[in-house]
Amino acid sequence: MSSFAQNQLYETFELNIGPQHPATHGVLRFKVVMDGEYIVKAEPVLGYIHRMHEKMAEDRTWNKFWPNMSRLDYVSAMAYTHCYAGLVERANGIEVPERAEYIRVITVELNRIQSHLLWWGVLVMDLGGFTPILYAFDDREVILDLLESVTGSRLTYCYFRFGGVYNDIDDDFITGTRAFIKQLRERIPMYHKLVTGNAILIERLEGICPLSAEMCRKYGATGPVLRGSGVNFDVRKNEPYSAYPEFDFDIPVYHEGDSMARYMVRMDEMLQSLRIIEQALDKLPEGPVKADKVPKVLKPPAGDYYYAVEAARGTFSMRAVSDGSNTPYRIKLRSPTYSNLSLFEEATSGMLLADALAFMSSLDLVIPEMDR
Amino acid sequence: MPGYIKDIINSLKSLAIGLEITNREFLKKPITLQYPHEALKMTPRYRGHIELYKNPETGTHSCISCGMCASVCPSNCITINSRKVPGVKGKVLSSYILNFTTCSLCGQCVENCKTGSIGFSNEYNLAGTNKDDYIFDLLKRLHPEGIPEPVVDPELLKQEEEKLAAAAQKAAEKKAAAQKAAEQASTDASGEATAEEKS
Amino acid sequence: MDELIRLLSYFVGIAAFLGFNLAYLGWVERKGAGHIQRRNGPKEVGPYGLLQPLADGLKLMSKQLVVPAAADKPLFMCAPVLAMVPAVLLFVVIPFGDGLVPRQFNSGLLMMFAFASVAVLSILMAGWGSGNKYSLIAGTRAVSQNIAFEIPMLITAITIVMITGTLDLSEIVRYQDGGFWRWNIFRLDKSILMPASFLIFYICSMAETNRAPFDLGEAESELVAGYHTEYGGMGFGLFMMAEYANLVIGCSLTTILFLGGWQSPFGILPDGPHWFFLKMYFLVWCFVWMRWTFPRVTLWGLLNLSWKYLIPFSLVNLLLTALFIKVF
Amino acid sequence: MDTFMDHETIKNELEKLANEGLAGAGQAADAPGSGVQADESDAKSKQEGQPRQNGLIETDHAARGFHLDVRISPEQVVRAAEILDRGGFTLETITGVDWLKENQFELVYDYACTGGKLFRAAVRTRIDRDKPEIATISEVFPGANWHERETWDFFGIIFTGHPQLERFLLPDDCDFHPLRKDFQP
């Protein structure tokens, strides 16, 4: 297949996919050199929604950077705000009450499930099946309603605060979440029957673009992409943060490395997230949801701080450089899909266009997060 | 060959299962709402734009114009104008301008309000054709019929008047002294100007 | 003179039938998709959204026809019309009932296949004429797809011709009278693979009409909108209508060849066009149902399906039928 | 995976590399004898405005978020990357920091070991602000390609030998480097 595509005797042509294209989920562009239906070279072109968050951080106080964090990855914003909360709490040595950590875990995991549901629907839509996304949205809507009842927003949450969360969860939320756990556990087998078992989908995903663990390592791929290639790495387990060490959950790992493996990792992760939420609700401690002694003006000691969380798309980490003043000297946002997409060019050379786009969907891209 | 046949049968089976599921969903009732005709109730914690709360005791807001909300706002969308009214303790809010076009609904203003005089509204279906429609004066929104005059405390007014009178007297004395000094030195004019300004 | 009046009345009848179908199949599809996805579908325009097709039609007609600068203008303008012409022409030979056929041909089946092949030309013209790379890829895809699926379709049709011994569509239906066990799909005495060959023919007609899951020519997530990317207004509208017309034709042909046309399933019940429409619309509904259930296949998957599964099966079926006819 | 070096060996090799840089730069006289220092002294030297000397610091993961802080000379980054590559590390990101007062750019390479036990190492180096050039490590880690392009985009640091040092997140026609501290919008 690939030898045919790389044969220079054949004429090639250039195709611009994006920045406005139904498959790129936003404003991503690919400069593709094609040989008929085969891709010779597909170069991603980024920056169409670049907003320079890192510069924005430098001219505002630590507190004022909150809204930016939820505008990176608007699909699973909660994990990103979690990272920022953790980073600044680490830098300032703020202790977070246990109940607040539990609430954080519950909301982050709900958000992760929501993100995976959206990805699942969108993946199948990219493969031409239009119905599953609406089923996924049916379930996703429940999560958004639950999160809205706590955080007040549906997408760009600004719920976490240094030393805790904005407000406490109530009984309605707890009962609603429990009901949702039951509902989704019944729905996921239906999803598998409708989509995973489908012969056409298997043909579209199985064996498509297998990524080796070594390639993932060289490119710094993380998250479900890495776990689909057989590497058991999840920040929640390997570098436990927040209240995660207190929960019993598994990290789904598949060794095939193809699109199907990435698909299965995410599908299994939803069930694991449900387990985490269930345990967190069972063990939810009483107490305050916010530390009492959080100074109004934060002045972390000079130095470097690093914090990593497992977002829905991989390891999201932040590096803050403080010079001891009340504004960050430098904040670096390391977004997972940026690294995940960087292997696209190498991985898709010699592939069919349709397969390459299926592969791109299996990477689960969110463009604003990549472009920052 | 048996594998070939098995493949076909399995594929057809998986497709039939899919058809069966969509058929089952087809027979169920739609779950969507016809939005303009019917709408969901917003949760009490829903974050719309901010709104001044009416204090039932005083019949008006309890904002003391401390400017905390404006200073914590990441997008600088709050502008507070206040004035001093004789006989009223503290400053009186004359307008509370919210530029909702830049607001990111983070809620830090509400969190940092000491008097609890602002909160989120439940309004979600804002729509307009003009950018200026979203520059709200929250005070006017609170009192669309007209902003009531602040209640003057007569005792405080008396005290203030006395204080003012005393200050005026003091200033006059100072001025006189300064004039005297100026006459004596007849050089520095700027000192006079500042004294005048103070009075 | 009588013949002229007959033809004219049929012409009006077909136009009405076609217009009604093209408008309301769109409505059925949208409503069906809506309910499969647990939505309402069109609802606001008229009761149950029944006036929606009218509103859509008015909108499409009022839109400006934009010809891209890089387009090959004659081809670009011809393509939608050419897509529509064979679709309309083919209704001339379809027997809706006994004697209820606009023009009696003794080689109706042949005409069917001859004109159905023209449709692919219009897609290629649209693809090339648009001057858009996406459209071009879509055009070439559609051609390879149509060629790949015409072969098993033809072989299966030949099987039927061998059984019935005629190319006349009315005669083929008449051959299947007397109950559903006499329909070609259940004629296991002619070949034990008859149900499979019905499936092959049905899948092929689905692929021939470029409908999901075989909509490679307009694969949205890959090729934006495929060959009609550059079309707006009635240019797009004609392609849409041609798709639905082809849908009706494909299902009609399947009904005629395999499901006994206007014949009732039981000898006791009277025959008539209502049986034809019942069967045909059931097949149409299955198209809609499948479209909203399955993801799209790739080009390779599609060609694999044709060359690895459909063609061998239809060939085996052909040989079996020949054997059965000779032996029994 | 099992062919990778363990973390202890990596640490030793990095330490050797960092100390070698000390000798090479002629700073051996005032450098601490062993590379392993306490965390506080690092913060202290920074507060005093003194750039840290080359060397290796084991940091407290709970307080800082990474285990190893290695300061090396600019010409050693490729060798450091090779060592970490042999250790099965992955490149998380490359960060630039503009120290305007000292007229230097700092480059921080964040490495993490994703196979087995987690281990995060930050490799940092400083280059002259007037001559911002450093060798690319995209030969060792192809993933560094995009990170280096981004750093060039934001800071104007030239990565010599980089295959495609073009504007990436910013528009092709812009002529500034926004994350420099003296950048005026």
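In the hairpin formed by S3(D) and S4(D), with 4 residues between the strands, Asn103(D) adopts a positive phi near 55°. Strands here are DSSP runs (E, at least two residues) and helices likewise (H or I, at least four), numbered from the N terminus. The model is predicted: local features need pLDDT of at least 70, side-chain atom pairs count only at pLDDT 80 or more, and totals for chains, interfaces and linings use all residues. Residues are numbered from 1 along each chain as its sequence is written, while chains are lettered from A and ligands numbered from 1 in the order in which they are written.

S3(D) and strand S4 (residues 104–113) of chain D run antiparallel and are joined by 10 bridges; two strands pair if DSSP finds at least two bridges between them. Thr90(D) has Ala112(D) as its bridge partner in S4(D). Strand S3 (residues 89–99) of chain D has 10 of its 11 residues buried, so the strand is largely enclosed by the rest of the structure. A residue is buried if 20 or more other C-beta atoms, placed from the backbone, lie within 10 Å of its own, exposed if 12 or fewer, and partly exposed in between.

Of the 4 pairs of chains in contact, chains A and D share the most contacts, a contact being two residues whose C-beta atoms, placed from the backbone, lie within 7 Å. This contact takes 31 residues from chain D and 33 residues from chain A. S3(D) gives the largest share of the side of chain D that touches chain A, 6 residues. Elements that each supply at least two residues to that side include helix H2 (39–47), S4 and strand S5 (119–128) of chain D.

**Chain C**

Chain C has 11 helices and 0 strands. Its radius of gyration, taken over C-alpha atoms, is 20 Å, close to the 20 Å that the globule rule gives for 328 residues, so chain C is as compact as a globular protein of that length. The rule is 2.2 Å times the number of residues to the power 0.38. Of the 328 residues of chain C, 50% count as buried.

Gln263(C) lies in the loop between helix H9 (233–258) and helix H10 (273–291) of chain C. This residue is buried, with 25 other C-beta atoms within 10 Å. Beyond its neighbours within four places in sequence, Gln263(C) contacts Val173(C), Gln176(C), Asp177(C), Asp271(C) and Trp275(C).

In the contact between chains C and A, 23 residues of chain C meet 26 residues of chain A.

Chains C and D have no contact with each other, and their closest C-alpha atoms lie 25 Å apart.

**A helix of chain A**

Helix H7 (residues 171–196) of chain A has 26 residues and reaches 36 Å from its first C-alpha to its last, close to the 38 Å expected at 1.5 Å a residue; the expected span is 1.5 Å times one less than the number of residues. Among the buried residues of H7(A) are Phe173(A), Phe180(A) and Tyr191(A). The buried residues of H7(A) pack against elements including helix H5 (98–126) of chain A and helix H1 (2–27) of chain B.
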